[in-house]
Structures are given as C-alpha cells and as structure tokens.
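The notes follow in the order I made them.

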Amino acid sequence: MNTHLLPAVRSFLSSPKQLLIDGDWVDAKDGRTFATVNPSTEEEIVQVAYASSVDVDRAVGAARAAFEHGSPWSRMTPRERSHLLWRIGDLIDAHADEFAQLEALDNGKRVEAARDGDIAVSAELFRYFAGWATKMEGTSIPMSVPGRDFHAYTRREPVGVVAGIVPWNFPLLMACFKIVPAITAGNTVVLKPAEQTPLTALRLGQLLLDAGLPAGVVNILPGFGDTGAALVDHHGVDKVAFTGSTEVGKKIAAAASGNLKKVSLELGGKAPNIIFNDADIEAAIAGAVLGGYFNEGQCCVNGSRLYVQRGVFDQVVEGVAAAAAAIRVGDGFDPASQMGPLVSQEQHEKVLGYIRGAVREGAVLNAGSADRVGDRGYFVQPTLITGVDERMAVQTDEIFGPVVTAIPFDTEDEVVAAANNTVYGLAAGVWSNNIGTAHRVGARLRAGTVWLNTWHADDVTLPRGGFKQSGWGRELGSFGLDDYTELKTVIAELR
C-alpha cells in the first residue's frame, strides 16, 4: 500500500467495504466480494461486497419506503433539503484530500487532478443544487371554457426511486451527477458505482449519513453488470440514470421497457476538434492537447478526432506531437507525473489494440507507441496518429484512451461533413479567429456541447448531454432537474 496515504484513508481501507442499504452497512446476502485494483501497481487494494439481485431487491425496497408519504424524507421541507445539500458539499470539501487519494488509488488519476477537479466540482454540485431545492415551481395556466370558471396549475413532483449507474472515469463526480439532482427533487436513489472504482462512492455514503440524510434515501450497491441489470429490470425502480458506453445504454433502454421506467443516458463520444488556418495556432495546439489527453484520454467529450486545415496541418501536428511526447506518465501519487495509468488491464489492452490496428493499416505514429509504458501498471504514452482515413476503427470507434487522430481538410463544407459523419454527438470544437466562421461552423455541428476557441471549459450551471447515439436527456444546470421530476396538471372548477 502507498506509504503516503493519510491516516483517514488507511482507516477507511482497513474496514470492511460493504453495501449501504437502508442506512446500514451490510454484507452481500450471499457473502460474495470482489477485488478493486490499483491501476498504477496492479495490486489489490481491498475486497468489496458484490451486490446480487437479492441485495438489489432489498435496496429498492428501502428506497421505496424512504420515498413514500409519511417517511422522514417525504416530510423534509425544501428548505431543509437545501440546508442538507449544502452541508454535504461542505463535508466533501473538508475531506477532499481523502477523496483525492482514494480516487488516485482506485482510478489511477493524479491526486492533484482528482482534488482540484473531481472532488471540488462534486462539492460545488451539492451547493449549486441546494439553491434549486426551494425553487421547483409550477405555473398557473388560464383556461378558456365558456360559462365555467377553472383554476389550473402545474406541479413539479419527484419521479420516485432512481437507479443511478455510473462509470469509472470520474467515479465520485459521476455518482454526484446522479445523486444530487435526484435528491434535490425529493427522489430516493440506488447507486451502482463501476466495479473498477467503488471506493469514493462508498466513502460518500458515509458522509451522507454523517450529514443526516435519512435512512434509505441513498443506497449504494457495488457490483458488476449483473447488479446493474437487476436494477434496470426491477419494477420498483421509476427511473434509470446512466452514464457509460452507447452499447450498454442501448441495453438499458431496451430493458427499461418492462415497466416503462424513465431513462436518461449520457453515452459515448468521438468529438471532432476543428482548427482553421486563421486560428490562434498556439492556443489551438494547447487546446488540442488538453482536449485529446485530459484525464488519460478517458473522457467522453475529449477531442479525439483532430481536423486541421491544410495550411497549418504540419505546424499543428508538430506542436501536438511535441507536447504529447513531453507528457510524463506515471503513478498518480508522484507529484512529477502529468498523466496516470488507464483504469484497468481490459482498458489498457483495448487502447493498445486500437493503436496497433491503426499501424497495421498503414497509419503513422507522430507521437506515442503501440507498446505499454514500463513493466507494471496500465500506462500508455499519449499518442498522435496521422495517415488515417474515415473508415479505420481508430477514427470511428470511441477508444477512451490518450489517442488522437489528425486529418487535413480544405473547405468548411468538407470538414463539417466529416465531423458529423459519426453515430455520436456529444461534443465538438472549432478554432478560428473569424467570429463568423466559429459560430457558423459551431451551429452546423451535431453535438450537445460545442466549444469555440477553447476546450473543456465547463460549469455546473450548464446542461450537458448528446445528440444521436450519445444519449437522451440533459444533466446539470436548471435543465438537470427536469428528468428527475414528473409534471402534474391540476384543474379545479370554481363554483
């Protein structure tokens, strides 16, 4: 185990990693556990309880009881929910260093990146949505029925029991993406963290209880795909909120038809990043590096398809390749590291397989390698590939690693057609000093988020989600509550 771990982290890891059901930490009913592994060292960190369908049934029952009329949660006023949310945000901030170390252990990302990014934003999510708890308002609507008087209005009410299923690339943050808007609206939650990265979700569960969240409002069930499938299939679940691959998202959409539960999906991406001749090339190169290699490349809105106008193509490729080669890959606890490992052996093999496949098809590696970095840990050097065409797997598939392809273009129409030639539509970007070009091309790109002369600029106030096979619905901002509420119309005749 890492010698630099905080005493609080050591204490957390030394205790059993159980399921959180109805306010209690319990073993899986069948006693099963699984190992979570440090991707920097390939060593087991701890054993974690593995929830079965029986545990899912227990957790959904607890969430339903906590939701129903007359429960402590249902009696909590919006103002009380607001104060609770704010208190949780403050607790996350107070334990930020612990969360950052746990994230670095479990996911591999750098401690500093976890603390200053994932953990800080998670705390801010609670505080931002705390303000919305008291502002879920309906509207009064005039009716026009001759000879009769009516008072008609709408109410926003919670959906019920929400199943949150989250990925491994931003473990705590993605858990908060599901939990925070759900409980802001008054729902209850059963959360399944990714099997690769359950630790920060479990630590969050402890803080939720410490903050005074009533029993059963948030339940946490580590497990694998069968655990998630049991949640999606369960007729006691009213909504599924999922972030992950498009392949799994399609399965969830199909399975949810059993009781027509609501579904929101943030799925895969293959974002085009377009650089025109008239762009600020130095800024565009820096943006391409950030957009392509952020979070070890394991980010669904990364700009993995780089399109560069021919007049500056060689300059941009040279600049991105030099920056990629200079990135120091290493353990997330090493202050000198600039990029950690990929999350798992499976992901490591998948990413290297795409690079090797591109080389076999004749592509050129301008930076990076098809070989692993070092003899221990799931490290991959940031890679830039040219000489690709639109049919290659490295160009069409979501790789989810530090791999960027670069293709030259000549005209605006040509690059827009190429950029939109994908099943995905999560994010895109344009670099041009001509404001008309930037906004015109941005408007033509089929993506839920479009960055102009920047990349990864973000805020909890902004909605996020995708077009096409990148998902359904939007998360965050005021829009983020819509998918967690039902809109009720009430009509009263005035006599």
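Predicted model: local features only at pLDDT ≥ 70, side-chain atom pairs only at ≥ 80, totals over all residues.

I started at Thr-200, which is buried, with a relative accessible area of 1%. Thr-200 counts as buried because its 1% falls under the 20% cut-off. I then looked up its secondary structure: Thr-200 sits in helix H8, residues 199–211. Thr-200 and Val-162 are separated by 38 residues in sequence, and by 20 Å in space, C-alpha to C-alpha.

**Nonpolar cores**

Which residues touch the most other members of the largest nonpolar core? I found Leu-13 and Ile-183, in a core of 104 residues. Helix H7, residues 171–184, gives the most to this core, with ten residues. I then checked the domains. Domain 1 (7–267 + 471–490) and domain 2 (272–452) both contribute residues, so this core lies between them. Another core lies apart from it and has 30 residues, including Ala-363, Val-388, Val-416 and Ala-419.

**Helices H2 and H9**

The crossing of H2 and H9 is right-handed.

**Annotated range**

Last, I turned to the record. An unreviewed UniProt entry lists residues 25–490 as "domain: Aldehyde dehydrogenase". Over residues 25–490 I noted 39% helix and 19% strand. The end C-alpha atoms of that range are 41 Å apart.

Key: Residues numbered from 1 in each chain as written. Heavy atoms only, no water. Core = buried A, V, L, I, M, F, W, Y, C linked by side-chain atoms within 4.5 Å. Buried < 20%, exposed > 50% of the residue type's maximum accessible area, 1.4 Å probe, protein only. Helix = DSSP H or I, 4+ residues; strand = E, 2+ residues; numbered from the N terminus. Domains from an automatic or database assignment. UniProt positions renumbered as here; feature names shortened; annotations may be inferred. Left-handed = near helix turned anticlockwise from the far one by under 90°.
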